[in-house]
Amino acid sequence: MNRLKNKIAFITGGTTGFGYAIAELFSQEGAEIAITARNEERGVQAIEEIRRQTKREARFFQCDVTKENEVKRLISSVTNAFGTVDILVNNAGYMIWKDFEETTEEEWDQIMDTNLKGSFYCIKHTVPFMIKQRKGAIINMSSVVGLVGKGYNPIYSASKGGITLLTRSLALRYAKFNIRVNCICPGTIITDLNRDRIEKAPDPDKALENILSEYPLGRLGTPMDVAYAALYLASDEAQWVTGIGLPVDGGFTAGK
């Protein structure tokens, strides 16, 4: 407990899935929490639940991270409310399941704008506060398909590969300010999106079996598996760790 005591953590996409799990765990570990997403109703529900469980400060700020003017106002609101940001988790993401040849320019832009450009905007407008205090931890959400090639979902893979290399480059750029920049590369996590994908398959049991066959540990990941990895990277226990892409993948990348 209290591994993040007196820290201010800002998490994008923090209302559901492993974004919410990260927010909840960080709060349990002593951090004050700011989360953002586009859905205000879910955001209010999320912070009310976090406050109920942990009795710590948590606030929701509505924002579309693909729009720089909204992100700039968002970071201003967060820092006015909390004073600074010690931990930034870029978790907001978007994915579609569609054949590469059938993907439209608008769909390409939506994936890139949310996954890559959104992270760029949030880092751009948060890092000056970290530079001023000469410390900070930035955690970007990549994917196992941001580390290794797969034939499915290549556009999503391209966006996550960009996140992985953006992370490494920024780790070098900001190391002199004692700002650590890392990314997490999850495998298939049990979220509403993945449940829906499996359930809508022609043979859901077979679809699940095929996915599980890629994971040597024999199960899918949980949001809390990702949250504990984020906790480590955000904490002082990782104060000599920067520039990594940490697979949380049940062994998926071990043989790649």
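**Holes and bridges**

The largest cavity holds about 50 Å³ of space. A word on where that comes from: this is a predicted model, in which local features need pLDDT of at least 70 and side-chain atom pairs count only at pLDDT 80 or more, while totals for chains, interfaces and linings use all residues. Residues are numbered from 1 along each chain as its sequence is written, and side-chain values use heavy atoms, with hydrogens and water left out.

A cavity here is a set of points, on a 1 Å grid over the protein atoms alone, where a 1.4 Å probe fits but cannot get out; lining residues have an atom within 4 Å of a point. Volume is the space filled by probe spheres set on the points, with grid points joined across faces, edges and corners. The count is two cavities of 30 Å³ or more.

Around the largest one you'll find Ile-96, Lys-98, Phe-100, Thr-103, Ile-111, Asn-153, Pro-154, Ile-155 and Tyr-156. Helix H5 (residues 154-174) gives the largest share of that lining, three residues; helices (H or I, at least four residues) and strands (E, at least two) are DSSP runs, numbered from the N terminus. By class, the lining has six nonpolar, two polar and one charged residues. Here Ala, Val, Leu, Ile, Met, Phe, Trp, Tyr, Cys and Pro count as nonpolar, Asp, Glu, Lys and Arg as charged, and the others, Gly among them, as polar.

The second largest cavity has about 40 Å³ of space. Its lining splits into three nonpolar, six polar and no charged residues, with helix H4 (residues 105-133) supplying the largest share, four residues. Thr-12, Asn-90 and Cys-122 are among the residues there.

Now for the charges. There are 14 salt bridges, each a side-chain nitrogen of Lys or Arg within 4 Å of a carboxyl oxygen of Asp or Glu. In one of them, Glu-68 pairs with Lys-124, the closest N and O atoms being 2.7 Å apart. That pair links distant parts of the chain, as Glu-68 sits in helix H3 and Lys-124 in helix H4, 56 residues apart. Glu-68 is partly exposed at 25% relative accessibility, and Lys-124 is partly exposed at 40% (buried means under 20% relative accessible area, exposed over 50%, partly exposed in between, with a 1.4 Å probe and protein chains only).

Arg-38 meets Asp-64 with the closest N and O atoms 4.0 Å apart. Asp-64 is buried, at 10% relative accessible area. Together with Lys-67, Arg-38 and Asp-64 are linked in a network of salt bridges.

Key. 1 Å grid on protein atoms, 1.4 Å probe; cavity = no way out; pocket = protein on both sides within 12 Å on 5 of 7 lines; lining within 4 Å.
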